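Have the picture ready as you read.

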Amino acid sequence: SMPLDGTSKTRPGGAWTNPSGDILPQTCVGTPGTTCPTTPRFIESTDIRIAAGVVFRNGNIWYAQTVALPAGGLGQASTHTAAQWTRIDASGNFVDGGRVEDPAATSSNGGEWYAFPSIAVNANNDALLGFSSFASNHFVRAGYTLRLGTDAAGTMRDPVIFKEGEDYYSKDYGNGNRWGDYSHTVVDPTNDSDMWTIQEYAGTRTVKDSQQTTNNSQWGTWWAKVSPGGPPPTPP
């Protein structure tokens, strides 16, 4: 729910849980106890905050956030995270929204966890959603999904991984195995159609050893340019 002009509004599409803690899965490829930790550490999800900000475009407000699913209740634990996007009008009424989600994912079955999303919208209401993706059988990688303004409501196209992760990652500055809290996705100002997204991936450790948490871990960022290929935008 969100308060707006004194009115509480609830986003449709199902409940979710506020993620927290080191819950995002990853793997380490090597020899446990020698070049990999015996037990790889998961990565901090942070929470449901809209870290990448909101977009106001063509009279509507768009935003993205990480949610944990299924909605946690008494005795019910969430099994994965999704990148949730929402479009509302200037009065706060729901217009459209959806989730980039692998509903069958768990922390150990190789299913995809999506987190740290950001969104951009061009003149044609084409939307680009960038994120990092996590799974128990791969390193953390950078990806995005796209929807054209003419696509069916509530949908995103298939995720595209534009930078594979390179290694195991675990750093701790006293508040969990923190990942980059922010990602960024923008519209190209030269044509108001193309979009760019910059996302984080797990880089190669400077030393491959057995430490579960170490400053040998590294992260990197990678840009992707996406041309929706729709009709030319109308002049602003």
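Start with the largest cavity: β6 and β9 each supply at least two residues of its lining. Strands like these are DSSP runs of E, at least two residues long, numbered from the N terminus. A cavity here is a set of points on a 1 Å grid over the protein atoms alone where a 1.4 Å probe fits but cannot get out, and lining residues have an atom within 4 Å of a point. β6 gives the most to this lining, with three residues.

Keep in mind that this is a predicted model, where local features need pLDDT of at least 70 and side-chain atom pairs count only at pLDDT 80 or more, while totals for chains, interfaces and linings use all residues. Residues are numbered from 1 along each chain as its sequence is written, and side-chain values use heavy atoms, leaving out hydrogens and water.

Who sits around the hole? Of the 13 lining residues, Arg49, Ala51, Thr66, Phe116 and Asp181 lie nearest the centre of the largest cavity.

Now for the packed part. The largest nonpolar core has 13 residues, and Trp62, Trp85 and Ala127 are among those with the most contacts inside it. Such a core is a set of buried Ala, Val, Leu, Ile, Met, Phe, Trp, Tyr and Cys residues joined through side-chain atoms within 4.5 Å, with buried meaning under 20% relative accessible area (1.4 Å probe, protein chains only). β6 (60-69), β7 (80-89), β9 (113-121) and β10 (127-135) each supply at least two residues of this core. Apart from it lies another core, of 11 residues, including Phe116 and Trp179.

Key: Buried < 20%, exposed > 50% of the residue type's maximum accessible area, 1.4 Å probe, protein only. Helix = DSSP H or I, 4+ residues; strand = E, 2+ residues; numbered from the N terminus. 1 Å grid on protein atoms, 1.4 Å probe; cavity = no way out; pocket = protein on both sides within 12 Å on 5 of 7 lines; lining within 4 Å.
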